[in-house]
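Try each task before reading the solution under it.

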Amino acid sequence: MTDYIPPLRDIKFTLEHVVGLDAVAALPGNEEFTADLVDSILEEAGHMAEGILSPLNRVGDEVGARLENGVVHTAPGWREAWAALVDGGWNGLPFSTEWGGMGLPNVLNTAVHEMWQSANMAFTLCPMLTQGAVNAVRLYGSDALKALYLPKMVAGTWTGTMNLTEPQAGSDLAAVRTKAVPEGDHCRISGQKIFITYGDHDMAENIVHLVLARLPDGPPGVKGISLFVVPKFLVDASGAIGAANDVTCVSLEHKLGIHGSPTAILSFGDHGGSVGYLVGEPHRGVEYMFAMMNHARLAVGLQGLAIAERAYQQALSYARERVQGRPVGWTGDKNPGIVYHPDVRRMLLTMRCQIEAMRAIHYTAAASVDLAHGSADPVQRANAQTMVELLTPIAKGWCTEVGQTLASLGVQVHGGVGYVEETGAAQHLRDARITTIYEGTTAIQANDLINRKILKDKGAMIGAFLDQIEAQAKSLTGDDSVIGLGVAEGVTKARATVAWLVNSAGQDPRISAAAGVPTLEMMGILVGGHMLAKAVTVSRVRLASGEDPDGFYTAKIESARFYSLHILPHVHALAVAATDGAATVMRMDEASL
Amino acid sequence: MKILVGVKRVVDYNVKIRVKADNTGVETANVKFSMNPFDEIAVEEAVRLKEAGKVSEIIAVSLGIAQSQDTIRTALAMGADRGILVQTDVDLQPLAVAKLLKAIIDKEAPSLVLLGKQAIDDDSNQTGQMLAALLDWPQGTFASKITVTGDGIEVIREVDGGLETVALTLPALVTTDLRLNEPRYASLPNIMKAKKKQLDVITPADLGVDVTPRLTTLKVEEPPKRKAGIKVADVAELVNRLRNEAKVIP
């Protein structure tokens, strides 16, 4: 396994020039958010990724989390690493100073988390989930609940979990059976929850479970589910930790990857019912969970980018060192590394250009969240909200699929040793595999894109975005027109696909469902191309002013060129699958499968 | 007690150094820079002494181009109280650095000066010793432990044969070695606070020091590439080669 080197140059370039931090810095309350502060924070977060989290990635995979005599132990070194993050005040980065946070923008938190996810994905799930749980309490909890729980959760001395899934209720939350029975100022919760990430562990003094359960008067289906805070240890009015609540970790799952992250089966109420406190109003739990889920979906999508970056660094380093045969066309006397073989180069560029595209998508989505919540201008808020809505299924659905493909390519670059665990490339592939599944599978992201983002307004919102993409693409000229052309042709295909979907949705809903994932992938590739096209525009300006001592801007343009000729053409094939191909999905008789 | 710590901006220890094509130096364009690791140890030690209540103020000083402010900010984020940058585009050599530091020390009158034992870019290991001589102060170089005693400090030095303990009266100068401590990560609140701490920028002229380089670098080259190993036929050949080719045995 190679060391992780934070890609600070591209992170800063993307933040400053593709996303543009000025708009975020101009938001009320962001007076301290200056370029030099961003630099200092990114440097130190990268330093921690490199020095603390990355060295623990292997031990997390090999030793993993263990349940022994009812106690969950994380891998050696993980407790200390969590303590370092908490002591450093990092968990509170995006939260209000009212709760002890730093009050910094979400987009900065996203860049910090990208590095941590790259360094150690299994570990960073803990701050990711904790931040998600903070959002639920912050947005929907009563003042009393907030006062008691938020300061500790923001600091990270207490971590958070999301308890949705039950054996019979996975993607279908309507099937949730966990019960909540009112008793005084609280409820008694009983039932079993599975797949609870960091559901139990030894890194924090308390764990705050956010649990979906049914009140006795709840109607059937998703409209009868409420959200509860269920602490691992009961908390008195002063915030002091008391007796253990009635929550048991029954077992930990044995998984393909992210071994360091304890995935718990939790049993609530084995001894009379665990004490839980209602969050917000009764029966609105799923709605609250969804507000939280949008954050979680972007955060999981970020893992797709992060794991691809890690896999790329490892593959590139190996390709430079490993000598194997004489590359065609090589004229030097000594054979160079396999990085000079054209197909290895093709694989590395396939990784690199999509990583750049994913980074820009994620940071744009994250900055849009900041603008959508923080802007004083209603038009800016609405536009930003549109971007968040359009980019969320892409950032989750497309980026995790790509992350997985790229982690697999990373193994391929290594050849046989990539398949051997000692090399470390295989871990990234195993770790990446979950990202297209949890927080809503790729198909669920595709449904979200098709139903809520395309069909709901008959393609208006996405149509406006496609217009913007096309206008930007057409501004590329000369040597870069091949990139602009690739994007513009993609827009034409995407428009036709949207029109076809809007037109055919009424005829047979199965057709638009079958078109979902191809449409999602098509939009992902196209929006990624748009992001790279924006990077080309900026890079050209820099090059024109003679500012490219290390070839960074030239490389950005070459990366976009490769993308336009190797990745963007897939838009055409996906457009066929999404339209004419959709009907074939259900044609074959089920018995013939 | 007031402490002055020297912090130098150097190419990050993780960067693979490349020699410039014209052999005048190493490539520094768009390379990651960070604080010299030995200086980080010096800052950490100063902060620990302050946390232990032995020190009232820590001043971080850097000398060089404008970007050295970033290095000072790092020291401020770790816990230094204020910074001074002597800004110049001239390539500063150890004697010039020692003279500039002396001028600042004459003004600030710290009781203790902590410097890294050497910077990882030029590996000179001269500034501390030169500065102590210019100040006519006692010096404890290559420190692996510093203890504040009644009226002075005790320094354990890492020397070839083992460890040497010296007692120094204050004011004194100490250069830090690798094992003195493990530098902390700056916390997020402290990174934010560092932005508000005082950082004065002055020039060599303000201090009346001539920083014109005295030494000329003739050439910078990559170290020779390692050659492939060979198999020897027998012990006699091995001894022969060790004696006559490698010249490692007499």
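A contact here means heavy atoms within 4.5 Å. Keep in mind that this is a predicted model, where local features need pLDDT of at least 70, side-chain atom pairs count only at pLDDT 80 or more, and totals for chains, interfaces and linings use all residues. Residues are numbered from 1 along each chain as its sequence is written, chains are lettered from A and ligands numbered from 1 in the order in which they are written, and side-chain values use heavy atoms, with hydrogens and water left out.

**Exercise 1. Get to know chain B**

Task: describe the build of chain B, from its contacts to its surface.

Solution: 
- Start with contacts between residues at least 6 apart in sequence: in chain B, 70% of these join residues at least 24 apart.
- Next, look for helices (DSSP runs of H or I, at least four residues) and strands (runs of E, at least two), both numbered from the N terminus. Chain B has 7 helices and 11 strands.
- For its extent, the C-alpha trace of chain B spans about 70 × 45 × 40 Å along its principal axes.
- Then sort residues by relative accessible area: under 20% is buried, over 50% is exposed, and in between is partly exposed (1.4 Å probe, protein chains only). Of the 250 residues in chain B, 44% come out as buried.
- Finally, take the accessible surface (Shrake-Rupley method, 1.4 Å probe; for residues, only the protein chains shown count as cover). For chain B that is about 13,300 Å², with 51% belonging to carbon and sulfur atoms.

**Exercise 2. Where two chains touch**

Solution: 
- Chain B and chain A bury about 1,700 Å² between them, and 61% of that is on carbon and sulfur atoms.
- Zoom in on B:Tyr185, B:Leu188 and B:Met192: they supply 38% of the area chain B buries against chain A, more than any other three residues.
- Check for salt bridges (a side-chain nitrogen of Lys or Arg within 4 Å of a carboxyl oxygen of Asp or Glu).

**Exercise 3. Salt bridges inside chain A**

Solution: 
- A:Arg346 pairs with A:Asp343, with their closest N and O atoms 2.6 Å apart.
- A:Lys474 pairs with A:Glu470 at 3.6 Å between the closest N and O atoms.
- Buried or exposed? A:Lys474 counts as exposed at 57%, whereas A:Glu470 is buried at 16%.
- To finish, trace a network of salt bridges that links A:Asp10, A:Glu114, A:Glu309, A:Arg352, A:Glu356, A:Arg359 and A:Lys556.

Note on methods:
Buried area = accessible area lost by both parts, 1.4 Å probe.
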